[in-house]
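Try each task before you read its solution.

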Amino acid sequence: MASPRAYWKGSLKLSLVSCPVLLYPASTSAEKTRFHMINKETGNRLKQQMVDSETGDVVESEQKGRGYELKKGEYVAIEKEELEAVQIDSNHTIDIDSFVPRDEIDKRYLNNPYYIAPDGKAGADAFAVIRDAMKDQDRVALARIVLINREHILAIEPLGKGLLGTTLRFPYELRDEADYFGDIKSPRISKDMIELASHILDSKAAHFDPSKFKDEYETALKSLVKRKAAGKPVKAAEPEEKPDNVISLMDALKQSLKGKGSAKRGRHAPTRRAAPGRSAKKAHRSAARARKAE
């Protein structure tokens with residue numbers, strides 16, 4: 001099996017300690033089912049062409065350029081040489097600036113993950129020193145790296161024998177949650193409802209296991225392509241019957257608690273454990289209060 005091709009090569013530097021490293025993308029979309037645009041009459045693949053939006057003429061590659069839209073329909077042309085003048089001079093170094101507590105990193109800033117591995121035997125010792133020193137601290141290193149002429153902040157942490165580097169978004173790339181949550185009301189919810197909802201949550205307690213993630217749509221796409229290539233008919237699935245709307249939130253909570261979730265409670269290891277008999281009594285009291293609320 002051929003070794004994977006590195007996406008980036010350079011040095012990882014912590015103060016005066018440095019080592020050559022390689023960066024590999026930690027995620028891939030190569031396994032996803034993809035479609036091409038084709039001519040339905042000939043079966044041939046279609047090619048895209050760039051067309052002038054005003055004249056409708058096809059624009060050849062030597063005529064293509066970049067432009068920034070100042071206002072609707074008005075662009076300022078930016079030449080390749082002008083772009084190169086403002087590009088950051090990559091020094092091929094991941095220079096660690098600081099270490100921050102892991103729980104202080106807002107997950108909205110996390111972007112693309114990369115594996116960081118030592119480049120050859122020469123820097124293996126220095127790499128191991130940096131990695132193992134980080135294992136003793138529950139902190140994440142913040143560094144700067146230039147990828148494709150763009151500077152990025154890289155969060156680095158130990159992962160097995162190597163390191164995991166995750167590029168972070170800049171603040172201007174995030175939308176303000178107040179624009180989306182500002183109109184959410186704060187209704188008064190009874191304690192009984194909260195307790196019933198808590199019991200439902202407990203009944204579905206589990207551990208994070210990504211191996212159980214199933215991309216059902218991708219599976220259906222692969223099945224569709226396979227049947228179509230074999231000349232077999234493809235039938236649309238029967239739409240599922242929608243359940244009747246439950247008007248009462250309390251009724252919905254009680255029905256959920258009586259459903260399959262309660263039966264599964266004993267199969268998982270919940271994070272909280274109550275004294276023997278206490279949970280049953282508490283659930284009984286909650287159910288009694290729920291009946292009175294009807």
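**Exercise 1: Helix 4**

Task: Which residues of helix 4 are buried?

Solution: Asp192, Met193, Glu195, Leu196, His199, Ile200, Asp202 and Ser203 are buried in helix 4. Buried means under 20% relative accessible area, exposed over 50%, and partly exposed in between (1.4 Å probe, protein chains only). Helices are DSSP runs of H or I with at least four residues, strands are runs of E with at least two, and both are numbered from the N terminus.

Before going on, note that this is a predicted model: local features need pLDDT of at least 70, side-chain atom pairs count only at pLDDT 80 or more, and totals for chains, interfaces and linings use all residues. Residues are numbered from 1 along each chain as its sequence is written, and side-chain values use heavy atoms, leaving out hydrogens and water.

**Exercise 2: Helix length**

Task: Check what span helix 4 should have at 1.5 Å a residue.

Solution: Take 1.5 Å times one less than the number of residues. For the 13 residues of helix 4 (residues 191-203), this should give 18 Å. The end C-alpha atoms are 19 Å apart, which agrees.

**Exercise 3: Glu218**

Task: Is Glu218 buried or exposed, and what does Glu218 touch?

Solution: Start with the place of Glu218, in helix 5 (residues 216-229). Its relative accessibility is 12%, so Glu218 counts as buried. Next, leaving out residues up to four places away in sequence, Glu218 touches Glu31, Lys32 and Thr33 (heavy atoms within 4.5 Å).
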